[in-house]
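This report is written for a reader who is meeting this structure for the first time. Please keep the sequence and the three-dimensional view at hand while reading.

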Amino acid sequence: MPSNTSPIYIQVILPLALKQLYTYSVPEEFLPLLRKGMRVEVQFGKSKLYTAIVKDFCRKAPEGYQTKEILSVVDESPLVSELQLAFWDWMSDYYCTTTGEVMQAALPAHLKLSSETILVLHPEFEEHFIDPSLDEKAYLLAEALSIQQELKLNDVPGIIGQKRVYPVIKSLIAKKILMLKEDLKEKFQPKSIDCLRLREPYHSQPDRLDEAFEAVARSQRQVSFLMAYIQLSRGEAEVRKQDVYKMSGGDAGVLKAMVKKEILEVYSKEVSRLGSWEEETMEAATLSAQQRRALDEIKGHFSDKQCVLLEGVTGSGKTRVYMELIQEYLEQGKQVLYLLPEIALTTQIVERLRRVFGDQVLIYHSRMNDQERVEVWNKVLAGHGLVLGARSALFLPFVRLGLVIVDEEHDHSFKQADPSPRYQGRDSAIYLASLFGAKVLLGSATPSMESWYNANRGKYGKVEMPERFGGILMPKILLADLKEARKRKQLHGHFSDELINAMKETLDGGEQVILFQNRRGYAPSYHCDVCDWHAVCIRCDVSMTYHKGINMLKCHYCGYQTKLPEACPACGNRQLKLRGFGTEKIEDDLKVLFPDRESARMDLETVRGKHAHGRIIQSFEEGSVQILVGTQMVTKGLDFDRVGLVGVLYADQLWQFPDFRSTERAMQLLLQVSGRAGRKKEGARVIIQTSNTAHPILGDILKLDLPRFYRRELEERKSFAYPPFTRLIHILIRHRQSDTAYTAMLTFSKWLRHDFGERVTGPSVPYAALLRGYYQQQVLLKFEPGNIFISKAKKRIMDLIQELQLTPGFSGVRVVVDVDPY
């Protein structure tokens, strides 16, 4: 906090893509309240209102514009720590974005307000409106809302006659008179609930309840209401208003009458939205010899290295090692962040952790509603110990972070695609840990090329767990040749004889089957054999996928949907055909091939609901579903006891994608899905269907020879200057007009070549030339790793982008910079 010597200015971060920070003056009455990391209410532009984060204090007024005063101080203590602000700065610099965009990604929506925020009346407004504690400004705003139903935050200053609106809004939210409109879109348990209790003298003298019943004797509804309350109060410390309503059939009118007769009173009780673990916690299982050795080696590496790679085969018991480390760091009073790449992984992991750590486990991911996310934020800020989350959990306000675990560290879901900042969760976690002096444990059965390379050259510590827990052998991996099966007419739809026979044996033996096809929908192409036309999205240059469940063609890039044309739009042919197959088609085929078996599908279409993936996993765990069909969701970290067979329907598509990482990802997906089989019982099998049985990846997988794969892949990448031997920056230019995108990229790439020479590759047309209505051009820059020149290059790239957008004719051009695009 600065001294009271005036004038004092603050630099603030606004939740906008602004290249610079903006400076505001501070009225003298706010000076004692302000600290870095607090939110303040500011006006930006002529009339826009925002909550901004205080970044720094200064005494010198900015040049070029007149400062405005901050309107109010929102927080009593910092919402964001100085270490977090340093993390935001690093992320904006490293990933070529703005601090405002990082702030936008970091803070839950309910911690940000802007002029576009819409205010509405709280559903319980009628009960709370007559409130003697309301001041004049609050009353004016509540009255305006009762008339207009909705108000923009921008309208509030004119209604209450002052610029400072946040304190008024905050008080009305606390009194449950108004709420943000976004709240109505979410079904969540409110943070405070209304409870009932007896008024005096009935509360302290229950023998006088006869007098209460006499007072309500003329109303059967009031009698029923009072009886319901008494019955509930015998088993509950807190009697919820809604529970009494439900049991008695009463309503707010009945309650109002009983409050007026001074029999009952209403009070608010704070509750958690996050749920709680109601069972007793238990001791974790005893460590095996391999787990004990791995734990000791990890601790040994932590003595002189910040980061350790734990490479353990699927089913080796890595999670148990994590739990032991978590316990040790919690006992030291440290916070632990446990990162997972997908929400689908959290269901089983949460259950395992809560059995040991109970309510110490906090969950944080994008499918939580904003109220829940704010509650987690506040708990972490207060020092809560253990957080399990997806990549967005990196932004939580840790105060004593001691350990970061990045499970399945190889998974490309740790990379943020859109919107900016396009950060890599694993790499960002390592930097975040370094700010706190914390340790990082990377875990995987199939490490990323970068992590494996860093571990083998000594940058990271490396620990191996080569055996499955309990000495169970890895499943036997077999290949099914689709070319031969077609020749011999031994294909049943998309199933080979080998796969069908193995499925029958497995199911008849009381075990379960997982089928992997990394493509959702029913068929990825709708095609005309006469003129070679195929259905393409009107907004994207990609084929549309047929979804049988909705009987529509759907674009998986922009979401556009349309009905199937009855005839070819190009030649009029009415014999159009579906080509290829996805998970929906497989599920459909199973109803014919195995009509007596229950199957379920796990892909993006079936897990959209907040708890949908949990229900699917539970059904499979309980055995009510015998066959689970899925995309890469089924390859990641799931632990099922009775899976005796895994079938890969078509492996070839995994390595046929035009990306230098396609072979690495193919290897990881195949080994990860194979690892779902035989985790508790030997004799499990994996059948990989392929048209290219001689592919080198398959040879490595059959022999489980990962070192050979990594060595061969590293040689290829070194030859063609790809990571980990270079650092990549991918730049995409987008515009509604194809010619504008093309000429803008020609200009931009010319500037890049002038500064960076042969480090520039391109320009070229990307895989999808048109995406969401925008034409695209791309260029790729390759830099030597560890070169300080990269940092300067990023600054130069950002300057060139600004120069391009100021060039006549290119003002509407969008430039997307992706650092480490993998």
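D820 lies in the segment that follows strand β36 (814-819). In this model, which is predicted, D820 has a positive phi of about 55° although it is not a glycine. With a relative accessibility of 0%, D820 counts as buried.

**Backbone features**

Most residues other than glycine have a negative phi, and most peptide bonds are trans. K489 also has a positive phi, with a value near 55°, and is likewise a residue other than glycine. K489 belongs to the loop between α18 (482-487) and β20 (491-492), and its relative accessible area of 76% makes this residue exposed.

The bond from P723 to P724 is cis, with omega near 15°, and P724 is placed in the loop between α25 (706-719) and β32 (727-735). The bond from G762 to P763 is cis too, with omega near 10°, but here P763 lies in a strand, β33 (residues 760-764).

**Aromatic rings and charges**

A search of the whole structure finds 20 aromatic pairs. In one of them, the rings of F87 and W90 have their centres 6.0 Å apart and their planes at 15°, so this pair is stacked. F87 and W90 are separated by about one helical turn, because they stand 3 residues apart in helix α1 (residues 82-94). W90 also forms a pair with Y95, and this one is edge-to-face. F87 and W90 are both buried, and Y95 is buried as well. These rings belong to one aromatic cluster, which is formed by F87, W90, Y94, Y95, F395, Y423 and Y431.

| Pair | Centre to centre | Angle between planes | Arrangement |
|---|---|---|---|
| F87 and W90 | 6.0 Å | 15° | stacked |
| W90 and Y95 | 5.8 Å | 85° | edge-to-face |

Charged side chains also meet aromatic rings in this model. K794 lies over the face of Y94, at 3.5 Å from the ring centre, and Y94 is itself a member of the aromatic cluster. Elsewhere, the charged end of R197 sits over the ring of Y267, at 4.0 Å from the centre of that ring.

**Around M91**

M91 is found in helix α1, and at 0% relative accessibility this residue counts as buried. Which residues does M91 contact, once its neighbours within four places in sequence are left aside? The contacts are with C96, T97, V102, F395, P421, Y423 and S428. M91 and Y423 are 332 residues apart along the chain, while their C-alpha atoms are separated by 7.5 Å.

**A parallel sheet and a helix across it**

An open sheet is formed by 7 strands, which pair in the parallel sense and follow the order β14-β15-β13-β16-β17-β12-β18. Its edge strands, each pairing on one side only, are β14 (361-364) and β18 (461-465). On average, and with direction ignored, neighbouring strands of this sheet are turned by 20° against each other. Within the sheet, β13 (residues 335-339) and β15 (residues 386-389) are paired in parallel over 4 bridges, and the bridge partner of L339 in β15 is G389.

Helix α16 (residues 425-436) lies across four of these strands, namely β12 (307-312), β13, β16 (401-407) and β17 (439-444), and runs at about 165° to β16.

**Cysteines**

A disulfide is a covalent bond between the sulfur atoms of two cysteines. How many disulfides does the structure hold? The count is 0. For C558, the closest cysteine sulfur is that of C537, at 3.6 Å, which is too far for a bond. C568 is in no disulfide either, and the nearest cysteine sulfur to it, that of C531, is 3.5 Å away. In terms of accessibility, C558 counts as partly exposed at 24%, whereas C568 counts as buried at 4%.

How values were computed
Residues numbered from 1 in each chain as written. Predicted model: local features only at pLDDT ≥ 70, side-chain atom pairs only at ≥ 80, totals over all residues. Heavy atoms only, no water. Phe/Tyr/Trp six-rings, centres within 6.5 Å; stacked < 30°, edge-to-face > 60°. Helix = DSSP H or I, 4+ residues; strand = E, 2+ residues; numbered from the N terminus. Buried < 20%, exposed > 50% of the residue type's maximum accessible area, 1.4 Å probe, protein only. Lys NZ or Arg CZ within 6 Å of the ring centre and 35° of its normal. Disulfide = S-S within 2.5 Å. Pairing = 2+ DSSP bridges. Axes fitted to C-alpha atoms, helices over the stretch in contact; angles between N-to-C directions. Contact = heavy atoms within 4.5 Å.
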